[in-house]
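Please consult the sequence and structure shown below while reading.

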Amino acid sequence: MIELTGISRVFQVGDQAVHALREVTLTVEDGEYVSLMGPSGSGKSTLLNIVGLLDRATSGAYRLAGQDVTALSDEEQARVRRERIGFVFQFFHLVPRMTAQENIELPMMLAGRPAEERHARARELLRSYGLAERAHHRPEQLSGGQRQRVAIARATVMQPGLLLADEPTGNLDRSSGKEVVEILEALHEQGMTLIVVTHDPELGGRAHRRVRLVDGSVAEDLRGP
Amino acid sequence: MKAVDVLRFAWVSLRGYPSRTLLMVLAMAIGVGAVVILTALGEGARRYVVDQFASLGTNLVIVFPGRSETAGMAGGMFLGQTPRDLTLDDALALTRSRAVRRIAPLQVGSALISYAGRSRETPVIGSTSEWLAIRKMQIVQGTFLPAGDPRSATPVCVIGATVRDELFGSEPAVGRLVRIGDRRFRVVGVLASQGQHLGFNTDEMVIVPVASAQSLFNTNSLLRILIEARSRDELDLTKREIASIIQARHEGELDVTVVTQDAVLATFDRVLRALTLAVGGIAAISLGVAGILIMNVMLIAVSQRTREIGLLKAVGGAPRQIRLLFFAEAVVLSAIGAAAGLGLGLAGNAVIVRLYPVLPAVPPVWAVAAAIATAIATGVVFSILPARRAARLDPVTALSRR
């Protein structure tokens with residue numbers, strides 16, 4: 001369960017303080033499917049980064065699965081990200097020198113898992129995402145849709161409970177975007193908590209819970225289809 | 001993270017930027033190679049000199065006129081006197097010592113030697129029959145100087161192989177009369193070819209009895225006296241006995257210097273070792289330069305790979321792990337550079353040995369070890385800053401950079 005209480009994030013731009021988030025309070029239950037929408041600069045990506053422990057709130061409390069994670073050190077936060085959180089980005093962020101399989105294994109490598117276990121798990125994921133033939137291709141040899149599927153495989157290789165996607169289809173054509181959405185939704189079906197940041201009303205509308213941010217505050221929080 | 005994975009990641013990163021990696025390895029390799037080659041040359045020179053001295057025999061004691069130490073004031077100093085000459089009688093007096101096996105008095109000059117219209121300038125050495133044994137040389141034709149009273153100026157000479165070839169060509173030399181300076185000498189023997197010896201070519205020498213040399217060069221003195229001690233263990237005793245005999249003959253004044261071959265050898269050894277160390281140190285500076293290059297390139301790598309670092313953080317890489325990955329990359333880079341440099345150095349050394357076979361150029365083990373250790377240490381030291389910078393990157397800005 002994600003519990004955000006009074007989260008604010010202030011950036012210092014020159015001598016001006018920019019309030020990206022103002023006192024956001026939001027609770028997401030395990031297994032929910034949430035979309036974060038809103039105009040550019042509404043703070044939706046900042047909120048996702050704070051939930052994903054990539055960024056620290058200026059003030060407020062964040063409890064993840066009952067644990068206060070704002071107080072954790074950098075090393076401990078890295079461990080939480082590694083074990084509990086998966087990220088999917090708009091620009092895929094695959095390491096260009098590494099093959100698809102190596103990219104997928106990366107989080108397991110950082111976790112110090114043995115090579116055989118990593119290979120087995122990565123191959124299993126490659127198969128289930130229809131990428132078995134592409135295991136030894138580098139990112140530049142893959143299409144956009146394939147890259148994003150590799151990125152999703154990497155995000156889920158550690159079987160995290162929480163999957164965060166920042167504009168996952170923003171850089172894809174319609175049909176690959178649809179495939180990616182189907183994969184993410186299938187992962188949600190399997191029990192993962194899924195939070196998607198998007199501009200796209202069609203993608204955002206598919207979520208069971210739709211949160212709209214305006215100027216760093218929650219403007220709308222709708223549930224149900 | 002497992003060590004093998006860290007190394008693999010470093011290796012993949014290095015392979016991902018081949019030209020950058022190649023340049024760095026080259027810089028490192030040149031540094032290590034320079035240390036290996038230069039110390040090999042220094043060490044080769046040292047061993048060359050030591051070998052040459054050793055071939056002279058190590059129980060050799062040398063006496064030459066004048067004090068090399070300047071402790072206190074010598075008696076003759078106020079009168080402007082030069083030290084007393086060493087004479088043939090001084091030399092002969094030494095044979096009375098039980099510790100002395102044999103002696104060879106030495107006078108050296110330069111004179112024109114001619115035969116049947118052909119002539120050349122050669123160094124002329126005046127000595128006795130014992131010289132051959134003390135210098136450990138061989139005769140190929142005829143005999144050496146005859147034994148007998150060293151005071152008699154017998155008109156015979158022994159010539160080096162080059163002198164023989166130039167004066168006689170294919171004619172037999174032994175038994176012929178040659179002219180040295182204004183006197184005539186009969187050739188009684190030819191020295192075996194030995195080539196360069198301590199920078200002095202024995203093949204170009206002519207050896208005459210010491211008394212003949214003294215009258216040829218119009219002097220009563222000796223340049224030095226070579227003494228072979230009876231035993232190596234008694235070198236100090238021998239030195240003391242020689243000094244006291246000469247002192248007694250020179251009215252109680254010790255105006256000669258007595259050195260052992262070992263002492264000369266030790267001095268050369270020290271000087272050349274210091275030289276090796278110095279050139280090795282200069283070469284090591286290039287290793288430092290290579291280290292700064294590594295740092296520069298790693299800093300560029302950090303900014304080039306900002307997004308990758310952001311990603312590593314996003315998928316759970318702790319700052320410590322990111323530091324380790326970049327650190328490992330620099331260390332692997334410098335280790336490869338060190339290995340390549342070692343190869344380069346040894347190859348260069350092989351070329352030197354081929355070109356100058358007389359020089360026993362072998363890089364000393366300590367220098368090789370030091371070069372490799374310095375290379376890796378510079379890699380480590382100069383990667384600390386880039387690795388820390390990578391670990392401190394803010395993941396959000398790192399990922400948002402396009």
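## The sheet of chain A

In this predicted model, strand 3 (residues 33-37) and strand 8 (residues 193-197) of chain A run parallel and are joined by four bridges. Strands here are DSSP runs of E with at least two residues, helices are runs of H or I with at least four, and both are numbered from the N terminus. Leu36(A) lies opposite Val197(A) of strand 8 of chain A.

Both strands belong to an open sheet of six strands in chain A, ordered 6-7-8-3-9-10 with mixed pairing; two strands pair if DSSP finds at least two bridges between them. Strand 6 (85-88) and strand 10 (217-223) of chain A stand at the edges with a single partner strand each, so one side of each has no neighbour in the sheet.

## The contact between chains A and B

Contact, meaning heavy atoms within 4.5 Å, links 26 residues of chain A with 29 residues of chain B.

Four salt bridges are counted between chain A and chain B, each a side-chain nitrogen of Lys or Arg within 4 Å of a carboxyl oxygen of Asp or Glu. One salt bridge joins the side chains of Arg8(B) and Glu102(A) (2.6 Å, N to O). On the side of chain A that touches chain B, helix 2 (74-84) and helix 3 (100-110) of chain A are the elements giving two or more residues.

## Basis of the values

Local features need pLDDT of at least 70, side-chain atom pairs count only at pLDDT 80 or more, and totals for chains, interfaces and linings use all residues. Residues are numbered from 1 along each chain as its sequence is written, chains are lettered from A and ligands numbered from 1 in the order written, and side-chain values use heavy atoms, leaving out hydrogens and water.
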